[in-house]
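Dear colleague,

I am passing on the structure we discussed, with some notes on how its chains meet. Please read the notes with the structure open beside you.

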Amino acid sequence: MDTLPLSGYRIIEVCEIWAGPFAGCLLGDLGAQVVKVEAIQRHYRGPLRPTAGRDYPDGQPGERPWNRNANFNALARNKLSVTLDLAHPRGLALLKDLARVSDAVVTNLAGGVPEALGITYESLQAARADIIYLAMPGFGETGPYRRYRSMGMTIDAITGHTALRGYPDEDLSTNSPVHHGDAVAGATAAFAVVAALWHRANTGMGQFIDLAQAEATIPHLGEIYLDWEMNRRNPRRWANRHPSMAPHGCYPCKSGDGPIRDRWITIACPSDQVFARLCQVIGRPDLGRDTSFADLLSRLEHREELDAAIQAWTTTQEAHDAMTLLAAAGVPAGVVLDGGHGLRSDPHLRARGSFELVTHPEAGSFPMAGPPWKLTETQVPTQTPPPCLGEHNGYILSELLGLTGADLQELEAQQVIGTIPLEGSDTGGVRRAQRTRAL
Amino acid sequence: MGEALEGLRVLDLSTGVAGPFCTKLLADYGAAVVKVEPPGGGDPTRQAGPFPNDMPHPEKSGLFLHLNTSKRSVTLDISTPTGQALLKRLLPHFQVVVESFPPGTLAELGLAYAALSAQQPALVLTSISPFGQTGPYRDFPFTENTVFALGGGMYREGLAGREPLKYGGQVGQYFAGALAAVPTLAAALRARFNGQGEWIDVAIMECLAGHPNQLSRGLAHAYSGYVEQRLPPHAPVLPGASAFAIGTYGCKDGYVTLLPLGERMWPNIVALLKMPQLLDDPRFATPKDRAAHQDDFDAIFLPWLAERTRQEVFQAGQAAGLPCAPVYTPADAVADPHFQERGYFVEMEHPVAGRLRYPGAPFRPRASPWRARRAPLLGEHNEEVYCGLLGLDQSDLVKLRGRGVI
């Protein structure tokens, strides 16, 4: 039987929203047992009484909407869920017991929160000397912003990505919100945990890892920082254009059927030769022969004329057909797929089995994206479904940590553990809801 | 203190962005990475720039210098039998090989995974390509914008009524490189313990389809048929919800981005504005009221912002418990007191490009710190690798150079 690369490792995830949970997904994809430590006092599984149905199967929140929420479930594959009220001494003690039998802890709690809860690296290292502990707040462990709150789109802003985006003829306030920093931080955190496991294999030592989401993201924009460094030049906004490729853009195709009617194709010409081939495909060999467009600079200068010619062709084409024709001629082209039906029905991703049918006990059977890589030599089982809240309390607390049925009943009575979230748990936590509304 | 990935040896055949960013992560944390470049021009990113004063030079390309820190460079033409033979002699010295050739290339050169693993069962081969090793798009040419479009992240970005917009820079390729490093290192770790090798197929398109943005929106669509469209600016994300103070806003000297975490943060907004009377204002009493009076809120908020600088809004917002940040350019970020105090940007001296400041550590392992070193000159380590590792001598190198093999 094949062994997945991280089979046998156990990782505790005390994370919310996207960045931390994404790291947990990737580690779980590789076979680690990822245990989400949640709480009935506070969760991010959507409103207790949702009014909008868009995140729920068939638009129905159901009796237990916290187990049927798309935004939560989408980033919870391959994980177990245990609930522990970490503000309760018994909850905290149980977390330490869990840390004792785990290899790593990942947290994206805001700066200061682990200290307030008593779940710092130092306190967990007391439970297990070689524990690996990764903290991934927005700005890191030190520095003037270490307690600052962040979300993906604010990391986008402070790292310089927001300033790169949008239409040049509109101001930045029209930018659609993008949370790319979450994706980068999550991928980086997963790598960091594995790096620490390698280091531990060398030395026997665990360690604390300080990951600032903003600092993980900036390297993904390295060349714009080097342009500032070399030339004291901040980037222009290019939208769908490019300083060293022309034509380069996004063009409308024939309208489609279904809920998404506008169809688009992106095209790029990285060289004069590719431009000539593009002209052949769109039935305008004259443009390819015209010396006014012979080089990059002249094509940049005449971009509106060239874009108009391309658009005159693309609007007569079905997007996927246009892409196939262009690709066959060696012209980079890509249909603008939407993130829902577009991706799931794409022939390439279907051929590669990129989506798996996953059956969830309360949400039903739906396709979910598998790991973002393929281990071609290892038999990788289908992902396990996102866990219900506290679904694995029995397994974690009894089988792993040796508690009895009576212990569990007592813990449930004290609301240290549970499977039904409490009032206020969906709006920042029960204790916050209990505090008087402060100004 | 040692580095995290001591003992890991990587042969890097990749070029461009995704593969080299993957191996940069490995190299900057202590793996010994030998980068194999084509003789003559080397990795094409040596021609990409940016360049000081916009004067192209293969040893001064900002993109190359950033992506290839901490690596050694050898030149090798692996399209020749002699080059392939040298490559085969190099392989046993490495646990990991990373490549980004068009799928099928390695097989044509007699270097398919099956052949490599027959010699080295524990070898980890990571192949990074735009569309993966299999599938109908396998041989499509690509650029950042086309693979990003196919990754599902573009359709929803931009404004209603206008063309969709890609993300900035080359973040799609960087993202794939960062993701590739995870299974690569995990497989190498497994191989240490049980000698099991692996061939990892990373497709940039698939990485983007697995991005949290696509995971979340995609599952919402699978569940309910919800289609995420491009919206007008500052539109509520949910019908009937208010969009107060969510998004990017102009202020006195630039822009700030704010994301209050839902209706429960209305008191935080009021605290930011220092207008307690708004809590009793019937126009804003409930979420429904706030949604109905969005314009009235903007009539208060926008002038408030116009009187304050980015830094003032940032500090006041954080003091009020609001996730917010100024919209920065690189100039702003390198001057920011937080990044300065953390020493985030680091200087490295390069024999041709000179002393330059680079983005620093993506994460800081306390017991095994990041320690990046400058990018290599083209073929800088030919002697160290070919003579030191393979036992060739100087006259061999001269002959190989003469024949264009290195």
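Predicted model: local features only at pLDDT ≥ 70, side-chain atom pairs only at ≥ 80, totals over all residues.

Residues are numbered from 1 along each chain as its sequence is written, chains are lettered from A and ligands numbered from 1 in the order in which they are written, and side-chain values use heavy atoms, with hydrogens and water left out.

In chain B, 162 residues are in contact with 161 residues of chain A (heavy atoms within 4.5 Å). The buried area, meaning accessible area (1.4 Å probe) lost when the two parts are put together and summed over both, is about 13,500 Å², and carbon and sulfur atoms give 66% of that. On the chain B side, the residues that lose the most area to chain A are Tyr155(B), Glu206(B) and Tyr223(B), which together make up 6% of what that side buries.

Glu206(B) also forms a salt bridge with Lys374(A), side chain to side chain, at 3.3 Å from N to O; the two chains share twelve salt bridges (a side-chain nitrogen of Lys or Arg within 4 Å of a carboxyl oxygen of Asp or Glu). Helix α7 of chain B, residues 171-194, gives the most to the side that touches chain A, with 17 residues (helices are DSSP runs of H or I, at least four residues, numbered from the N terminus).

With best regards

Key: Helix = DSSP H or I, 4+ residues; strand = E, 2+ residues; numbered from the N terminus.
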